[in-house]
Amino acid sequence: MNYATIKNCDIANGPGVRVSLFVSGCTHRCPGCFNEVAWDFGYGEPFTEETIEIILNMLRPAYIQGLTLLGGEPFEPQNQGAVVALLRRIKQELPEKSIWAFSGYLFDRDILSGRLGDTSEYLSYLDVLVDGPFVEAKKNLSLRFRGSENQRLIDVKASLASNSIVLWEDWQGEKKGLK
Ligand code: SF4
């Protein structure tokens, strides 16, 4: 896998201050994509063991709430191995850090169905998945952590436990005017 960028102080892609990894390679080709250069799987730098160490060190400060995976497409089958290796290390060494991922694939139709391979270990490390492609006709700049209205903020652990799609509760509270 290659990656396009690592941000060590991101406040736009999940709660709190986060480290963000933008992986390279995406086959969705959404019109209006915010990061078209990262469609190419060869774009950017090779993701190596050294990159994992850099990310772990960025995550160590107490003020960093967690890691967010973006792209490109972190769920492309050819990207999954490197991402899972990273998440495994994070959960071993920094289990308190939350993990968010943005994917153009749908949680139920594409990921749980097995269409993208066995994602069970990958999903076991995720807290929130923002799923679905960016749809320009549904673009809404007022949405929190999403670009278009079709995208869902899914509580992965609660969804797996209940065998249904459970939306991230903070977002639900916000929708109901509770937050
Ligand atoms: S899934 Fe994301 S990175 Fe891929 S084309 Fe759509 S907006 Fe761009």
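The structure holds five aromatic pairs. Here, rings of Phe, Tyr and Trp (its six-membered ring) pair if their centres lie within 6.5 Å; planes under 30 degrees apart count as stacked, over 60 as edge-to-face and the rest as tilted. One of the pairs joins Y3 and F47, edge-to-face, at 6.1 Å centre to centre with 90° between the planes. Y3 lies in strand β1 (residues 2-10) and F47 in the loop between β3 (45-46) and α1, so this pair ties together parts that are 44 residues apart in sequence.

This is a predicted model: local features need pLDDT of at least 70, side-chain atom pairs count only at pLDDT 80 or more, and totals for chains, interfaces and linings use all residues. Residues are numbered from 1 along each chain as its sequence is written, and side-chain values use heavy atoms, with hydrogens and water left out. Helices (H or I, at least four residues) and strands (E, at least two) are DSSP runs, numbered from the N terminus.

**Aromatic rings**

Buried means under 20% relative accessible area, exposed over 50%, and partly exposed in between (1.4 Å probe, protein chains only). Y3 is buried, with a relative accessible area of 14%. F47 is buried too, at 11%. The rings of F145 and W168 form a tilted pair, with centres 6.2 Å apart and planes at 55°. F145 lies in the loop between β6 and β7 (152-155), and W168 in the loop between α5 (156-162) and α6 (169-175), so the pair ties together parts that are 23 residues apart in sequence. Both F145 and W168 are buried. Ring pairs link W100, F145 and W168 into a cluster.

Two strands pair if DSSP finds at least two bridges between them. Strand β4 (residues 64-70) pairs with β5 in the parallel sense, over four bridges. Across this pairing, L67 stands opposite I99. Strand β6 (residues 128-131) also runs parallel to β5, joined by three bridges. There, F102 stands opposite V130.

**Helix α2**

β4, helix α2 (residues 77-93) and β5 make a right-handed β-α-β unit. Right-handed means that, with the strands pointing away from the viewer, the path from the first strand over the helix to the second runs clockwise.

The buried residues of α2 are N79, Q80, A82, V83, V84, L86, L87, R89 and I90. They pack against β2 (17-23), α1 (49-59), β4, β5 and α4 (120-125).

I52 is found in helix α1. It counts as buried, at 3% relative accessibility. Contact means heavy atoms within 4.5 Å. Leaving aside neighbours within four places in sequence, I52 is in contact with F47, A85, L86 and R89. I52 and I90 are 38 residues apart in sequence, and their C-alpha atoms are 8.9 Å apart in space.

**Salt bridges**

Side chains of opposite charge can pair when their charged atoms come close. A salt bridge is a side-chain nitrogen of Lys or Arg within 4 Å of a carboxyl oxygen of Asp or Glu. The structure holds eight salt bridges. The table gives some of them.

| Salt bridge | N to O distance |
|---|---|
| E53 and R89 | 2.9 Å |
| E93 and R60 | 3.3 Å |
| E93 and R89 | 2.8 Å |

E53 lies in helix α1 and R89 in helix α2, so their pair ties together parts that are 36 residues apart in sequence. E53 counts as partly exposed, at 33% relative accessibility. E93 is partly exposed, with a relative accessible area of 34%. R60 counts as partly exposed at 38%. E93 and R89 both lie in helix α2, four residues apart, about one turn of the helix. Salt bridges that share partners join E53, R60, R89 and E93 into one network.
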